[in-house]
Amino acid sequence: MLLEATETFWLWQFLGRLHPLLVHFPIGLLCVALILELTDWKRKSTRLREATNILTWIGALSAVFAVIFGWMLANQEEAAGPNLEIHRWAGIATMTLAVLATFSLRFNSRSLYRSLLLTTVCGVSLAGHYGAMLTHGDDYLSSVLPSSSEPVEPTGSDEPDFVLTNTGALNPEQVQNLNVEVRTILAHNCYSCHSETKIKGDLRLDSKEAIMKGGEDGVVVIPNYPDKSELIRRISLPKSDKDAMPTKGKRLTEREIKLLRFWIEKGALWPDGKQKSIYRVAALEPRMPALPAPTGNIVQPVDRFVNVYFQKNKIAWKPVVNDRVYIRRVYLDIIGLLPPPEKIEAFVADARPDKRELLAKELLNRNDDYAQHWMSFWNDALRNDYSGTGYITGGRFDITKWLYTSLETNKPYNGFVKELISPNKQSEGFIKGIKWRGTINSSQRTEMQAAQNVSQVLLGLNLKCASCHDSFISDWKLADSYAFANIFADTLLEINRCDKPTGKIAGTKILFPELGEISINASTEKRLRQLADLLVQPKDGRLYRTAVNRIWAQLLGRGIVEPVDMMDNVPWSEDLLDYLASDFVANGYDMKKLIYTIVTSKTYQLPSTSVKEANDIMANTYKFTGMIRRRLTAEQFTDAISSAFNPMYADSAVVFKLLPEKMESKLPFPRAGFVKNDPFLTSLGRPNRETVSTSRTSQANLLQALELTNGNKFTETLKRGAKEWKTKYPTSDSLVTELYRRALGRNPLPKELDVAKKILGPKPSEEGIQDLVWAMALIPEFQLIY
């Protein structure tokens with residue numbers, strides 16, 4: 001294992017960026033060397049030859065390192081396919097040619113040298129080409145050629161393509177679908193300049209009346225006559241034309257232009273009655289889907305729904321992880337701590353068939369450990385921290401004591417939400433927001449913060465755009481945001497559009513009127529009680545879908561809907577999401593029961609998977625196959641070091657004044673979740689919590705690499721711990737064995753023990769112990785949740 005000590009996330013990130021540099025470096029050097037050699041063909045300048053020789057030597061050496069690092073990366077990353085093999089062997093061949101070219105200089109054979117150098121330059125270019133295909137895709141070059149300048153056309157729905165060939169009258173359903181497609185095209189391409197928010201050229205395209213009215217240059221749509229319509233002329237012009245529209249961004253696709261032409265040809269039809277949204281809007285009401293039949297050992301409800309999904313997507317079930325992987329995974333996910341080595345051995349030796357279910361129950365019943373771990377998750381979401389902007393001036397209030405008690409007692413989620421929205425003194429900090437000092441814009445007032453935070457955290461929707469102007473990514477309007485914010489306000493707010501007063505006053509309205517009404521004349525306290533009662537109703541399926549989706553994402557690395565703050569997006573399994581939300585309500589809004597349902601499923605116990613790029617888990621093409629492999633969070637990593645080696649924080653660092661009484665006896669050691677944020681925790685991903693944070697990235701970065709290699713906090717912890725371990729474990733064998741057991745939950749392999757003893761020496765030194773612990777803390781087996 002110690003032979004792989006440098007194979008950490010941050011190092012692979014570094015090598016992944018260094019490898020292309022090492023490839024480009026020899027390309028440049030060898031090309032310059034070739035140019036100099038050809039320039040010197042007849043002049044035979046000693047200086048030019050010396051320069052050529054030096055460049056060739058450096059280029060060859062760089063090629064060697066490029067091949068070594070490339071081979072290491074290929075083995076570490078999950079890359080495969082013919083492009084990788086061609087890239088790999090072309091790189092090796094190029095390196096060989098570069099070395100041969102260098103050695104040919106010793107024989108003073110310039111003709112042989114030139115031939116080898118020319119072949120090397122061609123070879124390294126070929127290798128670089130296939131490397132770019134691996135990084136940027138097979139079409140990285142062809143996609144930017146003039147012949148490929150047209151954007152790829154989306155497939156769209158079947159209906160509009162069908163009606164494009166319709167020569168007769170359209171039925172009402174076809175008119176509705178065509179209208180949705182037309183408005184979608186206009187919204188994505190034209191609204192940024194031609195809508196209520198911005199009216200360029202006195203032209204709006206966001207309603208039938210505005211479109212037919214036209215702009216300062218006249219009408220743009222003449223029904224039944226697309227060839228006479230200015231709109232069609234403008235969008236059909238080449239991009240270089242000064243009249244071409246849109247003026248910025250991508251051009252309309254051929255299909256989009258055909259669809260707009262067809263729409264005008266049919267009379268620029270606009271359906272009567274309520275318009276169908278151009279955006280997907282998830283159902284508000286709850287739904288309990290029919291439970292699929294069990295199959296073999298697929299009996300748990302979660303697994304039955306996933307089995308249907310797997311069958312539909314032709315995905316095979318994999319064997320569940322072994323006991324050692326499961327106990328570490330479930331310990332970290334439920335209480336945030338590494339399992340003690342004696343617990344691991346007892347669990348592995350346990351022959352009971354339901355031991356995993358019993359373990360999950362045991363961990364969930366450790367109320368304080370559970371609360372201590374999940375505090376960080378809810379602190380992020382409810383923007384609760386122990387220091388920072390607003391606390392000194394009294395413009396911000398913490399909810400720490402209330403939150404800890406709520407988690408420790410497993411307060412039902414409906415009651416949890418009610419106390420956040422209609423708060424007592426201890427829980428008011430969430431909707432109070434931050435009173436920023438100095439001049440602020442209208443969307444930063446505390447009432448609007450409350451509207452934004454409640455909608456994001458509890459309902460999975462983003463009102464931040466609609467707090468300044470009508471949203472471009474949803475149906476939410478500026479008036480909706482202000483009406484919702486007025487529920488939290490002592491006086492009705494004047495609507496500000498892009499920070500400019502409009503003179504209009506919004507009323508009070510819940511975001512989903514189907515849930516009920518809010519009294520405009522009631523006191524703020526009464527309005528908040530009404531809002532809380534309306535939101536937690538069982539018929540508010542959105543509230544409970546949002547909650548279970550967040551927990552699923554926390555435990556499996558990716559939500560059923562992603563991003564978790566955009567609950568109108570399509571879930572990869574709508575039935576599973578609806579079942580979990582309905583079951584959550586039926587089980588008394590019990591968060592621990594929800595977690596138990598998930599962690600005891602076969603789905604949770606599948607082997608972890610990885611993605612090549614962080615954005616891949618957000619892609620529409622994402623296919624669920626199991627838990628996404630994750631790095632330990634800042635708090636989990638810190639607590640793992642504290643429990644396996646030496647506490648990273650002193651007791652004095654814990655914010656005991658903000659916590660319930662007698663917390664000193666409840667903490668096993670100073671846990672990172674209860675200390676004020678610092679550069680170490682920040683570098684590992686803990687947010688500052690001045691705004692809502694509902695997810696953390698699991699990608700390693702350079703800041704973490706610097707903090708873990710040169711940061712004072714980690715270094716000082718290693719120094720303190722090394723002194724104690726040297727005294728406690730005088731022999732290398734005992735020290736290495738105990739460190740492996742605590743950190744990795746197993747004994748070292750013979751090869752690992754040999755390497756560790758070489759680091760420590762016959763008698764452990766403090767410097768050797770520091771190096772050993774540092775290396776072990778950075779290996780994937782320690783840093784990852786598999």
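I began with the surface of this predicted model, where Leu61, Phe65 and Ile68 form a nonpolar patch with about 280 Å² of accessible area together. Such a patch joins nonpolar side chains (Val, Leu, Ile, Met, Phe, Trp, Tyr) within 5 Å, or like charges within 9 Å, among residues with over 30% relative accessible area and no salt bridge, a salt bridge being a side-chain nitrogen of Lys or Arg within 4 Å of a carboxyl oxygen of Asp or Glu. Areas come from the Shrake-Rupley method with a 1.4 Å probe, and for residues only the protein chains shown count as cover.

I noted that residues are numbered from 1 along each chain as its sequence is written. Local features need pLDDT of at least 70 and side-chain atom pairs pLDDT 80 or more, while totals for chains, interfaces and linings use all residues, and side-chain values use heavy atoms, without hydrogens and water.

I then placed Ile68 in helix α2 (residues 46–76); helices (H or I, at least four residues) and strands (E, at least two) are DSSP runs, numbered from the N terminus. Ile68 is partly exposed, with a relative accessible area of 40%, on a scale where buried means under 20%, exposed over 50% and partly exposed in between.

For the chain, I recorded 31 helices and four strands, with buried residues making up 52% of 786.

Definitions and conventions:
Buried means under 20% relative accessible area, exposed over 50%, partly exposed in between (1.4 Å probe, protein chains only).
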